[in-house]
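Please consider the protein chain shown below. The paragraphs that follow lead from a single residue to the overall form and then to selected details.

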Amino acid sequence: MPEFILVNPQVAPFVAHLQLNRPKELNALNLELMLEIKEALIQLDADPKVRAIVISGNERAFAAGADIKQMAGRTAMDMLKIDQFSTWDSIRKTKKPMIAAVSGFALGGGCELAMICDIIIASETAQFGQPEINIGIMPGAGGTQRLTRIVGKNKAMELVLTGTFISAQQAHYYGLANKVVPIEFYLSEAIKMATLIAEKSPLAVQLAKESVLRAYEMPLQEALYFERKNFYMLFASEDQKEGMAAFVEKRKPEFTGK
Ligand code: CAA
């Protein structure tokens, strides 16, 4: 049984909910918690009854970053041997769409975890930041890279170099948060978005997610070829036949993931 997370594999039809549950420490991401997230995501990714995953903390904090108390005494060689970022690499490889439901603090590794997700729904109270500079380090789980790609160089530079936080509204303005909603709705709104995605063909969703992510990782021409291959591949699926037949017959498609 995991100690630091709660997993509900069916919070809504085909939607799972993974909640970080270390509230006293503002969901600080110790190594154990990250390993639990990794293992849970591997299981949810393999579960055919799950088509989208919502990741949340609680109202006060999504996550206030890597666990500073756990890291404080470590040497560079300790960090190298512990290799915590291989856990993050595994999380990044999750094939199903992940929606971060962010309320309160999403700082350091917390902001980085939200950015590994594919969509961010923020409560009006959310605060995002990369404050590692305040404790003599810098972001290590993708903060300098993903944040820069999302908000642009100058804003990323400001956040990473000053360690200041931005509000949910600012995060929305810079394209970091997809939507900002009153605090009482941040989780239900994320589940609603996940449900909308879970109604689609899971195969099409998986390949579409993979293709969008390639926009970050490949030169345009190669990424366009990648997209094209995935597009053609979907014509081998029953879901493509069903989706198009349903359109022609003016009915709702029933996708099976085949
Ligand atoms: N690690 C360990 N413990 C943390 C923590 C963290 N990142 N963030 C908060 N906590 C703990 C606090 O130590 C405190 O515990 P105690 O009650 O035992 O003292 C508890 O959570 C509540 O926190 P505060 O009393 O500080 O609450 P606050 O409302 O006054 O302040 C905060 C909230 C602004 C988020 C403040 O806690 C804070 O600045 N936290 C650290 C944020 C940070 O620097 N994150 C980056 C970490 S490094 C990183 O993430 C590296 C990476 O790229 C992977």
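Is Asn230 buried or exposed? Asn230 counts as buried, at 6% relative accessibility; here buried means under 20% relative accessible area, exposed means over 50%, and partly exposed lies in between, with a 1.4 Å probe and protein chains only. Asn230 belongs to helix α11, which covers residues 220-233. When its neighbours within four places in sequence are left aside, Asn230 is in contact with Leu207, Glu210 and Ser211, where contact means heavy atoms within 4.5 Å.

The model is predicted, so local features need pLDDT of at least 70 and side-chain atom pairs count only at pLDDT 80 or more, whereas totals for chains, interfaces and linings use all residues. Residues are numbered from 1 along each chain as its sequence is written, and side-chain values use heavy atoms, with hydrogens and water left out.

The chain as a whole may now be described. Its secondary structure comes to 12 helices and 10 strands; helices (H or I, at least four residues) and strands (E, at least two) are DSSP runs, numbered from the N terminus. The radius of gyration of the protein chain is 19 Å, close to the 18 Å that the globule rule gives for 258 residues, so the chain is as compact as a globular protein of that length. This radius is taken over C-alpha atoms, and the globule rule is 2.2 Å times the number of residues to the power 0.38. Along its principal axes, the C-alpha trace spans about 60 × 40 × 35 Å.

Of the 258 residues in the chain, 44% are buried. Among contacts between residues at least 6 apart in sequence, 67% join residues at least 24 apart. Ile42 lies in helix α1, residues 31-46, and counts as partly exposed at 44% relative accessibility. The accessible surface of the whole chain comes to about 13700 Å², of which 60% belongs to carbon and sulfur atoms; accessible areas come from the Shrake-Rupley method with a 1.4 Å probe, and for residues only the protein chains shown count as cover.

How many residues of helix α5 are buried? Eight of the eight residues of this helix (residues 109-116) are buried, so α5 is largely enclosed by the rest of the structure. Among them are Gly109, Cys111, Glu112 and Ile116.

Charged side chains form the next topic. Side chains of opposite charge can pair when their charged atoms come close. A salt bridge is a side-chain nitrogen of Lys or Arg within 4 Å of a carboxyl oxygen of Asp or Glu, and by this rule the count comes to 10 salt bridges. In one of them, the side chains of Lys209 and Asp118 meet at 2.8 Å, N to O. This pair links distant parts of the chain, since Lys209 is in helix α10 (residues 202-217) and Asp118 is in the loop between α5 and β7 (119-123), 91 residues apart. Lys209 is buried, with a relative accessible area of 12%, whereas Asp118 is partly exposed at 29%.

Another salt bridge joins Glu189 and Lys192, at 3.8 Å, N to O. Being three residues apart in helix α9 (residues 186-198), these two residues are separated by about one helical turn. An α-helix has 3.6 residues a turn, so residues three or four places apart point the same way. Glu189 is buried, at 13% relative accessible area, while Lys192 is exposed, at 54%.

Most residues other than glycine have a negative phi, and most peptide bonds are trans. Which value does phi of Phe14 take? Phi of Phe14 is near 65°, a positive value in a residue other than glycine. Phe14 lies in the loop between β1 (5-12) and β2 (15-20) and is partly exposed, with a relative accessible area of 32%. Asn27 also is not a glycine, and its phi is positive at about 55°. Asn27 is found in the loop between β2 and α1, where this residue counts as buried at 0% relative accessibility.
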